[in-house]
Amino acid sequence: MTTTISKKVCLLGDFAVGKTSLVRRFVYNLFNDKYLSTIGVKVSRKAVAIPRQDGVVELNMILWDLAGSEEFEQLRDSYLRGAAGAVLVCDLTRPETLESLHSYAEDLLRVSPGARLVLAANKHDLTDQWRLTPQQIEAAAAGLHTSYYLTSAKTGEEVETLFRWLGQMLVEPTPGTSR
Amino acid sequence: MNLTLAQLILQDRQIAYALTDRTLRIVEAGGAMDLFGKNGVSCLGRALVDLFPELVGSEDLLAEILAGKRPRLQLDWINREADGQTLYLTMVDLPLRSPGGSVTGLIHILQDTTGMGNLGQELAQRRNELRLLHDQLARRNSELAAANTELRRLDDLKSAFISSATHELRTPLSTIIGYLEMLLEENFGPLHGEQHEILAIIQGSARRLLTIVNTLLDITRIEAGRIELTLRPTDLKALVERLVAEFRPQLEARAQHLALEAPPELPPALCDETRAMQIVSNLLSNASKYTPDGGKITIALSPAAEEGFLQLAVADTGMGISPDDQPHLFDRFFRTRTAVQSNVEGLGLGLYITRSLVELHRGRIWFESKPGRGSIFYVTFPVAGPAEDTLAPPGGAGPGFGFRATR
């Protein structure tokens, strides 16, 4: 039996960490190197089939790609309301983007307390520019009680896996296990 | 209001609306319907949330509006892609009330705010790009600062090594020169012609070597800021006369004519006599080196244009300095093309040291030159004040210094 459900998923993180690129890679399998800052929110959707014990669930993921700049902080609550999950995105080449994830998670959980989280440490392809270690990412993920993936929107590395893992969390009645 | 007129206004202002029943199915729509996208034409009867995915997750809030518990729901700056362009929309949901006041559904309003959105996007884009650039620059600066620290450390090591090595070289070299002088003075017995000639050559080379060692030692001291001046009121004219006497044999050997011009009364300069001697000696030596045999060198002493200073000028009728070389003349290890081509001896450090010493005296050095016609080098020294009969390094008095600045 196939059930269809829709869930709102927010992408959160500082500007230029690659939130839009992750969505674009996941939804359209496309990538563009040019940085184009997002203002407000861009909503995309992608349906994914998620296996469950009682059958397959067709999960309609409504992806909210939110502006990373702080001038949208005041609007952020209205965007975060009703979110079932979120991808917290940081940039492996900018350590400060990992530090701010805690505050994004707090904002989200204040407005949508049951939201499931996953951490995407993006730009994994820029190996020579990493300024964050997997250990730092792991520690941050542990602090947020979530899993993490080292992703690259450019190459597509772990992008599908990340969203599918979150999708699985969203359709499961109990929290899943970390990687 | 006339419905056609209302439609016209909504169209012009790019506003679209949809009215729903209490099950949130659209029962009426109007205004700028193209904002509804390709589903706009067939929106009647469809669920509002199906048509507007932005409302997914907000079902509870919509229910609160229907229940009269919430006045409105508003989402600003919603991005939509349309024909490759980004459309910015504001979405508002309000309660739709019957004439009796009960909520019968929702009024869903969409307004195109693309004009403002594009401006906002451009601002955000530029600001974020600047911030990224700023972060990159900050990172680069910090990397450069670390590299500079390391370079300074290596430079200090190098200076310490040169300083120590030159110091170690100078002692045996002085002994060699001393014994050579004694040999040449025949203190250890008579020398025949060829022996004398060879020892004189060795003595010349040893003295040149000592000059090089002293120059390197000066460089390391200057760069480490370890040159200390013993500033005393000094009769510059007497100092120059002594130096001229020393240079006389060398100048005569090349038939160079030297003139000293000085007014009868000149106040004393406040300088370190040894270092002032080195400054004038460097300038005079250069003038001689770059002036052809039979040329003329003039040293002129006078009050400087700048009050409280004396000026010393060394003019020659030498080869001059090409305009290309002039900006680099005081650089370390810089040698003019003509000097190299003419095989004039030197390390390219003399003028660098001279300038450093002049500046340590708080004076100035500059030059005028015409290729093929000669050069004039100017140096200024501060005039000694009446109470300045003690010592002081520039930039601050050390223990026991009683220097009073005259500038």
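Which strands of chain B does helix H7 (residues 273–289) of chain B lie across? I will come to that after the interface.

First, the ground rules. This is a predicted model, in which local features need pLDDT of at least 70 and side-chain atom pairs count only at pLDDT 80 or more, while totals for chains, interfaces and linings use all residues. Residues are numbered from 1 along each chain as its sequence is written, chains are lettered from A and ligands numbered from 1 in the order in which they are written, and side-chain values use heavy atoms, with hydrogens and water left out.

Now the interface. Contact here means heavy atoms within 4.5 Å. By that rule, 30 residues of chain A are in contact with 26 residues of chain B. The buried area between the two chains is about 2400 Å², and carbon and sulfur atoms give 56% of that. Buried area is the accessible area, with a 1.4 Å probe, that two parts lose on being put together, summed over both. Of the area that chain B buries against chain A, 21% comes from Val56(B), Asn79(B) and Arg139(B), more than from any other three residues.

The rule finds 1 salt bridge across this interface, a salt bridge being a side-chain nitrogen of Lys or Arg within 4 Å of a carboxyl oxygen of Asp or Glu. Lys42(A) and Glu81(B) form it, at 2.9 Å from N to O.

On secondary structure: helices (H or I, at least four residues) and strands (E, at least two) are DSSP runs, numbered from the N terminus. Two strands pair if DSSP finds at least two bridges between them. Strand E2 (residues 41–52) of chain A pairs with E3(B) in the parallel sense, over 2 bridges. There, Ile78(B) in E3(B) stands opposite Val41(A).

Next, the sheet in chain B. This is an open sheet of 5 strands with mixed pairing, in the order E7-E9-E10-E12-E11. Strands E7 (257–261) and E11 (365–370) of chain B are at the edges with a single partner strand each, so one side of each has no neighbour in the sheet. E7(B) and strand E9 (residues 296–303) of chain B run parallel, joined by 5 bridges. His257(B) has Lys296(B) in E9(B) as its bridge partner.

Back to the opening question. H7(B) lies across E7, E9, E10, E11 and E12 of chain B, at about 20 degrees to E10(B). Axes are lines fitted to C-alpha atoms, for helices over the stretch in contact, and angles run from 0 to 180 degrees between N-to-C directions. Helix H6 (residues 236–253) of chain B lies across E7, E9, E10 and E12 of chain B, and runs at about 175 degrees to E9(B).
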